[in-house]
Amino acid sequence: MAKPLHPFLPELQHDDVARLDFVKSLRRFLSTRVLPGNAKVYEQRVIPRFRATHGREPATRDEIRAEMVREPYYQLWSALQRRSQEMLWEAAIEPIQRELPELIKKANAAVNRPDRRGSLRLNPDLPLPAYNTEMDIHIQPGGYHHEWANDDIAAGAIYEIGVGMYMPDAWGAEGDYLGQLAVANFRRAWPDRKPRRILDMGCTIGSSTTAWARAFPEAEVHGIDVGAPVLRYAHVRSEALGVPIHFSQQNAEATEFEPGSFDLVVSQILIHETSLRAMPRIFAESRRLLAPGGLMIHMDIPRGANPFKQFMHDWESYNNNEGFARFMTGLDLEAVAVEGGWQKDELSVERVIPNYDKSQMAYGDEYPYTVLIGNR
Amino acid sequence: MDSNRKTPARPPIRVSRTAKGQRPQNFQDPALDKLLGIAVSLAGEVSVLRDRVDTLERLIEKSGLFTRKEIESFEPGADARTERAADRIAYIERVLLAAHRELDEIDSGRVARPLDEIIADYANRKI
């Protein structure tokens, strides 16, 4: 089998690869062949039925949802999509569980080695936010935080293999596509800026952090997250990839960094996994951490251009433990940032279009990311 | 299975396959959600086996023992065809066991009384 990207991923055996390939193929099949039927069922069955009783078309995503969940076609697609998400993690866990003691041993030997270029700082006393602990986000068993053994790194490895299947192969061998997209967007807008201190909030295993660090090798790059196992993994992973990053276990709502200590604060798909209570605090903290002239760039998930597309994206809230994601639809991010202490004229919101193909988009045919920018 | 496979009987660290969070119900009967889950798992395992057979065929071809073309053009003799047909029927019976249990009972004349009746009989010391 192909050599793993780094020593903290398990060696895959024949049947491991076959299981991962099956899940990828199933998800591609669902996206290209089954998903489009939902729109047809909606147009040809749901709209006429709704019009007959209400004299109008459904107006909101929740009205659409109430009708669609009764449709056998949608029920089957939804059940298959859910099952494919479960199997994605199951297929990833199989080889990881088999090699976990060995992987942990290797990671322990690598953590904070004298020749390291980055660092790892954990805080076992950090309270985990409820939005992490109420449900395991995107049904990854154990979420980002659960430890199945001492010094565990399983959550990191599970995440790394899992995201490779989530949008099959869309994020590249190193899973850093979103980071690269954010970097490219940054360079387009500010071609001459060379940030010297960068903070990536909610970095998980540091795949996007790595993209920022590679783009600005002169910068000191920090990544924070609340999950200890993903941070341990992020640290040994980035060292193995030769990218120096300083990881620490901190909550983006209130960090220990000094005021004004960064000139760029970013996140990639963090916000939709937090809450309405946390968001203004995260934007306020971003502002506090920025030196004058610094930039805040939070990039988050697509939500759909019309009520039907919004309803389809809401699937993840009801079936994939993304309970908060649906609240991102139509949310005025600038207003939330103002609540967090930003001035209206410091803010802007942009759309970024990724180059996914249809087989990589499980809930619709367009995935425009939303980017909130704050210019201090 | 080859001796290089490292699957231990009992893993030293067990990682749960179950995420914390209420599981969605897509069908009117929640048992259908579970059944579909089992069916897709089986489809996955069949896919794993298909990949393994494909690997075997390619390795065998590479080793020069026989070619995949020979597999495609292989014609089982009359005996082999009869044996295969019988094997397939036995296989289908095993897979569809749940579907024809009722018929089995009727055919064998071994239809039991309702369980509640029997339990009541135990309670009343009739048995």
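Predicted model: local features only at pLDDT ≥ 70, side-chain atom pairs only at ≥ 80, totals over all residues.

Reader: What radius of gyration does chain B have, and what would a compact globule of 127 residues have?

Author: A compact globule of 127 residues would have a value near 14 Å, whereas chain B has 24 Å. Along its principal axes, the C-alpha trace of chain B spans about 75 × 50 × 35 Å. Of the 127 residues in chain B, 4% count as buried.

Reader: How should I read the contact between the chains, and how many residues of chain A are in contact with chain B?

Author: In general, the size of an interface is often given as the accessible area lost when the parts come together. Here we count residues instead: 33 residues of chain A are in contact with 27 residues of chain B. The largest share of the chain A side, 15 residues, comes from H3(A). By class, that side of chain A has 17 nonpolar, 9 polar and 7 charged residues.

Reader: Let us turn to helix H8 of chain A. Why is H8(A) described as largely enclosed by the rest of the structure?

Author: A residue counts as buried if 20 or more other C-beta atoms lie within 10 Å of its own. In H8(A), 12 of the 13 residues are buried, so the helix is largely enclosed by the rest of the structure. Among the buried residues are Pro229(A), Arg232(A) and Glu239(A).

Reader: Which elements do the buried residues of H8(A) pack against?

Author: They pack against elements of chain A, including H3, helix H5 (154-166) and strand S3 (220-225).

Technical notes
Residues numbered from 1 in each chain as written. Chains lettered and ligands numbered in written order. Contact = placed C-beta atoms within 7 Å. Helix = DSSP H or I, 4+ residues; strand = E, 2+ residues; numbered from the N terminus. Nonpolar A, V, L, I, M, F, W, Y, C, P; charged D, E, K, R; others polar. Rg over C-alpha atoms; globule rule 2.2 N^0.38 Å.
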